[in-house]
Amino acid sequence: MVQQLDENLVLVLEKLTESRPSLYARKALNLVKRGRIEEYLKLKVDPNRYVDPVDFKVDYQVRSLLRKYPGLPIKRVLTREAEDNFFRIERENAITNCRLAPFIDKALIDPIDGPLLSFVESVRKKVRRLLGPLPKDLSMARFGKGATFDDRGVLAGLPHKMSSVPTITSDAICLSQFFWETAWGKAVMSARSTPRRIPGNRFGVVPKDATKSRGVCVEPSINVFFQLSIGEHLKRRLKNVFGIDLYNAQLKHQAKAQAASVNGRFGTIDLSDASDRMTVSLVQSLLPTDWFSLLDTLRSKQTFIRNRWHYNAKFSSMGNGFTFELMTIILYALCWEATERHLFIDVKHQDTIMVFGDDIIAPVAVCEDLLKILPFMGFKVNEDKTFIHGPFRESCGGDYFKGIDVRPYFL
């Protein structure tokens with residue numbers, strides 16, 4: 001099986017191991033040489049067991065070098081696993097929807113859950129502040145870079161999207177007047193065509209690493225056209241009103257993580273499948289009615305997967321044009337409320353917490369609370385990429401051990 005790999009890859013691992021020999025590196029190299037690739041990929045490096053940044057960096061590099069290499073002899077059917085994961089998360093989402101439903105209709109709240117209701121109501125107020133009023137129009141609508149429901153592969157370029165029959169969900173038809181006012185809509189009208197109504201989006205996969213494919217959902221063309229308008233509106237509002245700059249957040253997150261790996265004051269939290277775990281009840285319990293109605297109108301309520309339509313327990317998924325911004329706002333509000341309850345009120349929340357999608361940086365005490373709050377809200381903490389104590393922090397593609405950049409190279 002080793003012969004299926006480029007022998008130079010094994011040579012690189014040998015050189016890395018020789019440069020700073022360790023029990024871990026020798027074990028990893030031995031597994032690769034014996035063709036036990038999947039066992040090698042399951043090995044983990046615990047930064048809390050290291051003292052020297054260089055020792056950690058070498059072992060971290062040995063672990064990471066082949067993790068995203070597309071030519072590994074993996075026998076599993078990754079697409080099938082991604083589909084199985086879709087349905088597994090949806091089953092968990094259904095449970096979350098039941099758990100959070102009482103917070104939508106407060107009459108259903110058990111008196112014993114009063115403190116929880118108080119927490120959710122406070123988060124809801126913060127979400128309302130972050131969202132602000134509805135946009136006056138959808139003038140920031142635009143085409144995305146990727147495929148749409150009917151525009152696939154090489155036919156997903158802008159000219160193809162402009163000339164193909166557009167797709168739209170039935171719920172979004174009520175906003176179609178905004179479509180007919182665009183140059184795209186006028187072109188469709190001049191061709192005496194009408195948008196094709198479909199129930200929702202379709203499931204697809206993209207590679208995540210050598211052992212996993214990530215599920216994405218490809219939206220109807222008109223829906224995503226206007227979803228992107230909402231996403232842009234929210235990004236601009238967060239920046240202009242609150243100073244939360246999602247356009248340049250990655251570098252700021254990396255700098256904060258680097259400092260935290262030295263002073264230990266902040267932890268970094270990462271979530272698994274975060275966009276797929278943002279459920280209908282979660283969004284409805286936290287958003288103002290007008291905002292929920294608008295986003296609910298533009299989202300895809302069903303997904304075409306395994307040759308059938310599935311009615312979603314999630315609110316939206318990766319591929320929706322406003323999922324990232326909405327997730328950022330919901331998680332930011334949760335962190336903001338948790339921070340206030342720790343009496344970090346003498347410092348601006350913008351200086352205390354940072355959220356970029358599902359990438360969270362918060363004070364250590366707040367992180368410890370979030371590990372309990374987030375699962376209740378339906379999210380799943382990625383324990384392998386969450387670091388609250390110790391010398392290591394990771395955020396937005398930046399990996400730091402005691403302030404030293406230890407980000408590995410991936411093939």
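Hi everyone, I'll talk about the nonpolar cores and the aromatic pairs in this structure.

It's a predicted model, so local features need pLDDT of at least 70, side-chain atom pairs count only at pLDDT 80 or more, and totals for chains, interfaces and linings use all residues. Residues are numbered from 1 along each chain as its sequence is written, and side-chain values use heavy atoms, with hydrogens and water left out.

Okay, cores. That means buried Ala, Val, Leu, Ile, Met, Phe, Trp, Tyr and Cys residues joined through side-chain atoms within 4.5 Å, where buried is under 20% relative accessible area, exposed is over 50% and partly exposed is in between, using a 1.4 Å probe and protein chains only. The largest one has 70 residues, and Leu287, Leu334, Leu370 and Leu374 have the most contacts inside it. A second, separate core has 30 residues, including Phe56 and Phe387.

Now the rings. Phe, Tyr and Trp rings (the six-membered one for Trp) pair if their centres lie within 6.5 Å; planes under 30 degrees apart are stacked, over 60 edge-to-face, and the rest tilted. That gives 20 aromatic pairs.

Why is the pair of tyrosine 60 and phenylalanine 392 called edge-to-face? Because their planes are at 85°, with the centres 5.8 Å apart. Tyrosine 60 is buried at 9% relative accessibility, and phenylalanine 392 is buried too, at 2%.

Phenylalanine 143 and phenylalanine 225 make a tilted pair, 5.2 Å centre to centre with 55° between the planes. Here phenylalanine 143 is partly exposed at 23%, while phenylalanine 225 is buried at 7%.

Last one: ring pairs join Tyr50, Phe56, Tyr60, Phe387, Phe392 and Phe401 into a cluster. Thanks!
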